[in-house]
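Please consult the sequence and the structure shown below while reading.

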Amino acid sequence: MRRLAGLLVVPLLLLSTAACGDDKASDSASTEKGFPAITAGAKFGEKPTLAKGEGDPPKELKTDVISEGDGAKLKNGDAIQVNYLGQAWDSTKPFDNSFDRKQPFDLTLGAGMVIQGWDKGLVGKKVGSRVELVIPPELGYGGQGQGDIKPNATLVFVVDIVKATQIPASAEGSEVAQDNIDLPKVGTKTDGKAPTVTIPKSDPPKKLVSNYILESKGEVIKETDSVVVNYVGLLWKDSKAFDSTYQTGKTQTFPLAQVTLKGLKNGLVGKKVGSRVLLVIPPDQAFGNEAQQSIPAKSTLVFAVDLLAKM
């Protein structure tokens, strides 16, 4: 079963493709404590300018807390929101940064959503901190490189930890009657395991279905939110699962503004955080006439989604 996250959401730098940056940085080779120096924008929240690394880069992951916040320490499994700037050790030009986009980057720490240097280097750091990471190739993009990042590049990141949220194991809430025999039935257990989904033999609905299975009392999700979810996705036609976060044991974070699967976005906006939702997505709000990996063309998709948190 192949993960389809890259088909559901516009890929971001640390998930798949490195973006080309236009930023100019100082060509000074100054360093502080073995880290490339921040020559401008040193305060938390400011876009930094990084000097070029001096000499040979370190062989191991290095982290430096430039300024420590007073928030909780990050743990694996936390949904976190950060701003960052990334640059190769031997370069004066950033390859990407979130400051120019004016939108923090969302991820679940330790879930393998980003390069290992991030997952390892940010654990234990406090919310509100600015951290500099120097990441060796084996914890970055290795020998293959990525986009504008050369093979075997040592990477330097300045990361501002904006927010963190602890993620519950399961949705919680009041059970909602599932009395339409022509719709899938979704299990209501809250043990953190994948809920059962039983799809009827009847024809699928022609319009998007978005129904509560468990309705919580959480905040209503807006299109501008990022949501942390567990989900299982199945084909209506043969009830075959094509994707599941439960199989990997790692949640997925969806910035809804970047979700490309129309029915997924439309079905989650307006629902309450903490709920479990059934989505039945017709082809015109799914992948249409295009086949995608194990999903045939013109497929109706079924999702059971636990809305665990929003950022």
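Contact here means heavy atoms within 4.5 Å. By that criterion, and not counting residues up to four places away in sequence, Asp106 touches Ile80, Gln81, Met113, Ser226, Thr253 and Met311. The structure is a predicted model, in which local features need pLDDT of at least 70 and side-chain atom pairs count only at pLDDT 80 or more, while totals for chains, interfaces and linings use all residues. Residues are numbered from 1 along each chain as its sequence is written, and side-chain values use heavy atoms, with hydrogens and water left out.

**Overall fold**

The protein has 4 helices and 19 strands, taken as DSSP runs (helices H or I, at least four residues; strands E, at least two) numbered from the N terminus. Of its 311 residues, 51% are buried, meaning under 20% relative accessible area with a 1.4 Å probe, protein chains only. Among contacts between residues at least 6 apart in sequence, 73% join residues at least 24 apart.

**Asp106**

Asp106 belongs to strand β8 (residues 105-108).

| Side-chain pair | Polar contact |
|---|---|
| Asp106 and Gln81 | 2.9 Å |
| Asp106 and Ser226 | 2.6 Å |

**Nonpolar cores**

A nonpolar core is a set of buried Ala, Val, Leu, Ile, Met, Phe, Trp, Tyr and Cys residues joined through side-chain atoms within 4.5 Å. In the largest one, of 26 residues, Leu107, Trp118, Leu122, Leu155 and Phe157 touch the most other members. At least two residues of this core come from each of β6 (79-88), β8, α2 (116-122), β9 (130-135) and β10 (155-165), with β10 giving the largest share, 4 residues. Apart from this core lies another, of 24 residues, including Ile221, Leu256, Val273 and Phe303.

**Ile295**

Ile295 sits in the loop between β18 (276-281) and β19 (301-310). Its relative accessible area is 1%, and Ile295 is therefore buried. The C-alpha atoms of Ile295 and Leu235 are separated by 7.5 Å, although these residues are 60 apart along the chain.

Terms used
Polar contact = N/O pair within 3.5 Å; in protein donor to acceptor, adjacent residues only side chain to side chain. Buried < 20%, exposed > 50% of the residue type's maximum accessible area, 1.4 Å probe, protein only.
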